[in-house]
Amino acid sequence: MDMHRRQFFRVSAAGLVGSSLVAMGFSPAAALAETRAFKLASATVTRSICPYCSVSCGMLIYKLGDGAKNAKNHVIHVEGDPDNPVSRGSLCPKGAGVMDMINSPGRVKYPSVREAGSKEWKRISWDEALTRVAKHMKADRDANFQTKNDAGTTVNRWTTTGFLMCSSSSNESSYLTVKVARGLGMVGIDTQARV
Amino acid sequence: MTNSWTDIKNADLIIVMGGNAAEAHPVGFKWVVEAMQKRKARLISVDPRFNRTSALADLYAPIRNGTDIAFLGGVINWLLSNDKIHHDYVKFNTDATFLTKPGFDLKDGIFSGYDAAKRKYDKSTWGYQMGEDGYVKVDETLQDPLCVYQQLKKHYSRYTPEMVSKICGTPQDKFLKICEMLGEMSAPDKTSTICYALGWTQHTVGSQNIRTMAMIQLLLGNMGRPGGGVNALRGHSNVQGVTDMNAYAEVFSGYLSAPTDNDDTYEKYLKRCTPKPMRPNQFNYWSNFPRFFNSLMKSYYGKAATPESNFCYDWVPKLAGGFDVLHMFELMHQGKMNGFLAQGFNPLATVPNKNKLSAALSKLKYLVIIDPLESETGDFWQNYGEFNDVKPEAIQTEVFRLPSTCFAEEEGSLTNSSRVAIWKERAVDPPGEAKTDSEIMALLFMKLRAMYAKDGGAFPDAVLNLAWDYAQPLEPSASELLREINGKALADVLAPADPANPGAPRAVLVKAGQQVPGFAMLRDDGSTACGNWLYSGCWSEAGNLTARRGLDDPSGLGVFQHFGFAWPANRRILYNRASADKDGKPWAPNKKYEYWNGKAWTGPDVPDMRPNAAPEENVGSFIMNPEGVARLHAIGMAEGPFPEHYEPFETPIGVNPLHPDNPLAISNPAARVFKGDLEAFGKKEEFPYSATTYRLTEHFHTWTKHARLNAITQPEAFVEISEELAKEKGLKHGDRVKVSSNRGHIITKAVVTKRIKPFAVNGQQVHLVGIPFHWGFKGQTKNGYIANTLTPFVGDANSQTPESKAFLVNIEKV
């Protein structure tokens, strides 16, 4: 008999419930009607890729929430994607724990600032945060931008602000981040590939 | 990786060295196990620790950390002395026959042209002799003492098994057994592969570690062939892609060399970057440099980039010396940097010498942390008792913390170690107000651009003209960015004029507005734009090829041509023309891959060769090199064209046994050492034990400590020491110990293990202290010291990757 794993679980669970209930005098049909579907069956599955090492294992992320506008979705389960030719459904102990990273209490949820000399974080709005950062960047760039070097060669560079970029970010966001940094004239650019 | 994860299954021998794939890349390691089970491949593990890769290996050999070149140089010597090389392959695919210059020399561990004051080489005596025809002179007989083959033989003749054992502490019988096993792989019907990781890169001789192994693979005839190659098992899921997208100072997208102050004109820059072929008939792929660079400038500066404006060459920032992370922190430490942004990067815990980093960050005016998780760097100003003993009131840095999405909350592509870009969908909404990195950058840039438009400021042209044609300028989508990366035709791309009929109308290859099908269609006249030539073809008119999920593997060799998109050109094994002999025939029937069928190159992969280049045209397999062959003698390297063993900057033996009388040749003579850091190196008298950092299978860097499940499995920091060292120091398993280097100390627990044994080196015993580096003062694990408090602030002479894998410490009970 050719059966998927999930079908197998469903059949065997139903069989177990059915047989024990029959022994107690109930009919199997009634018992089957009582069997609850797996929670995963009502979850939405999205294919993803493990964020940790460069094997980049395929992942299936299960979330609750039906996708409706105001339904808050939530990851309830992550497993390996058997249709990834490299990982073939496997995850290592790092990847297997990824749900706890997504849902970690250590997640940063709001922009905040630590003022000079302060001992605490203060929550601020995105607009305030980005306006203040942009002002800092512009002030530093305007004060220290080099158009020419001592030999008179056009160099158009900004050396006094640096940028470390993320090796778990997507190709697209890396490309855009670099484009912005170079566009501003930054030369201090690096990523985890270095270390 | 030159090959791929799935290709490892085609190997007859796998050597894991400078890495520990079974623990750090467990799922990728299954392809090693597959090769062992299905084709009886053998596995060799060479490591300072008997790790879990060693536990599965047919042969394990211990090696003192930081001595890999001595070991591998010994292998080269053995292969050449015992004539266990793949002769036809070496002659056809390497520079073995090329003649080197008569002035080239190595004396007392220093190559010709050294300037001790600058710690740099004048390379004019390195490299090949050029003939009057403009091509390199060769000796097909390999007898000329100046030919690379003879020079190589001479250079490594000093690396005898006795010397290897003296430097590395590897027992001679084990070393010789490994030489024999590797030697068998010189047969045309055998291939072996190497899997390495940061155990090779994090040394002041890191690049040369890898080069030495690449040379072995060339001598054995293993490059460009199934089951062969040099395979870097890389770190993060997209460390490959982010490197390709030029998120580091020295290059632009697709490894286009960035301009420096010496490139004062556009013409000079193009001339420097566009090489001429060094042998007749060579492909010399970098001759296309102007097409790639000009197309990138079209993506960056749009309409402003024209032939008349030199494609805005002057707008591009010229590199002012090195700007790697060590150099940036050095400038910061000197007070020469005012601002710093860190996106998903935790340098305080990742970069060496935490105390120096902390002092440097304290001098900044502003610091911006963009991260999904709270990091030690973001909280560097906060007092965490002994783990981060700082005074917040004394630190005047303004710190902004911006919440970004994690992988599951954004769509886009990641490029794995096999160079395969794979698309993922957004799975779930981000928590709170977190935004994607792209959105954060767009919002920030739009604010800056508006300020420059309104108030002006320093050089506003580049800021105001940066091409930003996104449907939603405040939130560019991953799909339109990947299309930009792929490139498109801005005007009709025409076929070259037919020489026989120059007046005839030229065929339209790509219509204006269409996505280009690959980098061959890129032009240097401004008619194409392309954000990264290497990825060209990933989103053609056929759609998003990174989102393909095909599992067909018709050859059975693990070549999944319809799964994602491998750069370049969807090629799964680089330099695969070398999988066939000079005449285009497979080297052996069981190793058939790409071959010449009489009319074209064919096989399961995309050929790494012009498809109609008949073997008699003599186009070499290594098309990216102007030589057309791979280099055994490479002048691009900072510390010498042939790798030489140098001790780590903190050496436990204080001498280079190859050059005992030359203090200049103890450690890498060309490595950059900042003022003040030389003094911060420890000496063996005070810090007698050799230390290395590494990863555990349950944790990923300082990231997974935020995940409860991982925190449960490995909750607390520790160091590993041998039973012998424990006895010597009166330590027991579980004792609290203080481990100190010349830069600081950590207090942690001792794990006493049989996995580590002292090395017998140069007539003395050297103990190893193993330091997993996953802990810090944020997250779900027990708070602890940052291991990188101990590591030295010095990098590889070529890549500036810090020497975290070999340094000196002391250990005491507390």
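**Exercise 1. Determine what share of chain B is buried, and how compact the chain is.**

Of the 814 residues in chain B, 60% are buried, a residue being buried if 20 or more other C-beta atoms, placed from the backbone, lie within 10 Å of its own. The model is predicted, so local features need pLDDT of at least 70 and side-chain atom pairs count only at pLDDT 80 or more, whereas totals for chains, interfaces and linings use all residues. Residues are numbered from 1 along each chain as its sequence is written, and chains are lettered from A in the order in which they are written.

Next, take the radius of gyration over C-alpha atoms and compare it with the globule rule, 2.2 Å times the number of residues to the power 0.38. Chain B has a radius of gyration of 27 Å, close to the 28 Å from the rule for 814 residues, and is therefore as compact as a globular protein of that length. Its C-alpha atoms fill a box of roughly 90 × 70 × 55 Å along the principal axes.

**Exercise 2. Describe how helix α5 of chain A and helix α17 of chain B cross.**

The axes, lines fitted to C-alpha atoms over the stretch in contact, belong to α5(A), residues 126-144, and α17(B), residues 437-455; they come within 9 Å and cross at roughly 55°. The two helices are therefore oblique to each other, since angles under 35 degrees count as roughly parallel, over 145 as roughly antiparallel, 65 to 115 as roughly perpendicular and the rest as oblique.

Notes. Axes are lines fitted to C-alpha atoms, for helices over the stretch in contact, and angles run from 0 to 180 degrees between N-to-C directions. Helices (H or I, at least four residues) and strands (E, at least two) are DSSP runs, numbered from the N terminus. A residue is buried if 20 or more other C-beta atoms lie within 10 Å of its own, exposed if 12 or fewer, and partly exposed in between; C-beta atoms are placed from the backbone.
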